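User: I am new to this structure. Please take a close look at a single part and describe its surroundings.

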Amino acid sequence: MSPYMFVACMERLSQLIEQSNNVGQWKAIQLTRGGTNLTHLMFADDVVLFGEASKAQALVIKTCLQQFCEASGQKVSAQKSRIFFSPNTNEATMAEVCSTLGIEHTNDPGRYLGVPVINGRVTSAMFQDVITRVERRLAGWQTKCLSLAGRATLIQSTIMAIPAYMMQSTRLPCSVCDTLDRKVRRFVWGGTTMERKIRLVPWNKLIREKANGGSGIRSMRQLNSAYLMKLGWRLTTEPSTLWASLLREKYCTGRDWETNMCRPTAVSNVWRGIRESWPLTTRGMGVTVGDGRLTEF
C-alpha cells in the first residue's frame with residue numbers, strides 16, 4: 001500500500017498548487033502567449049515547480065510546500081534540490097529567491113531519468129556517456145569466442161538497447177550515431193580497439209532486414225529516426241496529452257498544423273527530430289473521415 005499512499009499524498013500537493021494558481025497567488029509560466037499554464041510537473045518522488053522569478057513568488061511556493069509538509073509529515077530535501085533561472089534574470093533577484101527558499105541555483109539542469117535536460121546548443125559531449133557504455137560492454141565480450149551470428153545476436157539484443165532508451169525522446173547528433181556504428185561494425189567482423197578485420201559485406205547491406213538479405217542490425221541513425229517517427233505519430237494520435245499540446249502551441253500554426261509547422265531556427269531538440277522525420281512519418285499515415293467535423297473538401 002505504501003506506493004499508493006505516496007501517490008495520494010502527492011496528489012494533495014498538486015491540489016494545493018492548483019488552488020494557489022486559481023486564486024492568482026501562484027503565477028504560472030506560459031511557453032506561448034495565451035498558451036497552457038505550467039505550474040508543476042510530477043513523476044514518482046520528483047517534482048518540478050514553475051513560477052515567476054521574484055521574492056513574492058518564492059514566498060508563495062514556500063508556503064505551499066510548508067502546508068504540504070506539515071500535513072503529510074514529509075520534508076523537502078534542500079540539498080538535492082536546485083533552482084534554474086531564465087537567462088534574463090538578474091543576479092540580485094536570483095540571490096533573493098535562493099535565500100527565501102533555502103535552495104542553491106544551478107546553470108545546468110543535469111540529467112533526469114538518465115536523459116540530459118538539454119538547455120541550449122546540443123553537442124556530442126552531452127552523449128559521451130552512451131558511447132562509453134557501449135565501449136565498456138563490447139570490451140567485456142571475447143569476440144574470438146563468438147561466431148558471426150552470435151555477435152550479430154548480441155548486438156541486436158544488448159548494444160541496441162543502450163542508446164535506444166535515450167533515443168525515444170532525444171535527437172542524437174549524427175556524429176554520435178556514426179561513432180556507435182563504427183564500433184558495432186568493428187565488433188561484428190571480430191575486430192578490437194587495436195585490430196581491424198576485413199569487412200566481408202558493405203555496411204549498407206548488413207543493416208538491411210533479414211527478409212532483404214541483411215543481418216537485421218539497424219544503424220543508429222535509422223533507430224533514432226524510428227523513435228522520433230513514433231513521437232510524431234503520438235503527437236497526431238494523442239493531441240490532448242500535455243506534452244503534445246505544449247509542442248503544438250509552441251511550434252505549430254493553423255488548423256492544418258501538419259502542413260503548417262513553424263520552421264524557426266531556435267527549436268527544442270525533440271521538435272527538430274520530429275520535424276526532420278515527419279516526411280517519413282506521414283508516408284505511412286492515412287485519414288479516417290468519421291463524422292466529418294475535422295474534414296474539409
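Analyst: Contact here means heavy atoms within 4.5 Å. The model is predicted, so to speak of local features pLDDT must be at least 70 and side-chain atom pairs count only at pLDDT 80 or more, while totals for chains, interfaces and linings use all residues. Residues are numbered from 1 along each chain as its sequence is written, and side-chain values use heavy atoms, without hydrogens and water.

Buried in H9 are Met 220, Leu 223, Asn 224, Leu 228, Leu 231, Gly 232 and Leu 235 (under 20% relative accessible area, with a 1.4 Å probe and protein chains only). Their cover includes helices H6 (161-167), H7 (174-188), H10 (242-251) and H11 (269-283).

The axes of H9 and H10 cross at roughly 90° and come within 9 Å (axes are lines fitted to C-alpha atoms over the stretch in contact, and angles run from 0 to 180 degrees between N-to-C directions). H9 is therefore roughly perpendicular to H10 (65 to 115 degrees). On the H9 side, Leu 231, Arg 234 and Leu 235 meet Trp 243, Ala 244, Leu 247 and Arg 248 of H10. This contact has five nonpolar, no polar and two charged residues (Ala, Val, Leu, Ile, Met, Phe, Trp, Tyr, Cys and Pro are nonpolar, Asp, Glu, Lys and Arg charged, the others, Gly among them, polar).

How values were computed: Buried means under 20% relative accessible area, exposed over 50%, partly exposed in between (1.4 Å probe, protein chains only). Helices (H or I, at least four residues) and strands (E, at least two) are DSSP runs, numbered from the N terminus. Angles under 35 degrees count as roughly parallel, over 145 as roughly antiparallel, 65 to 115 as roughly perpendicular and the rest as oblique.
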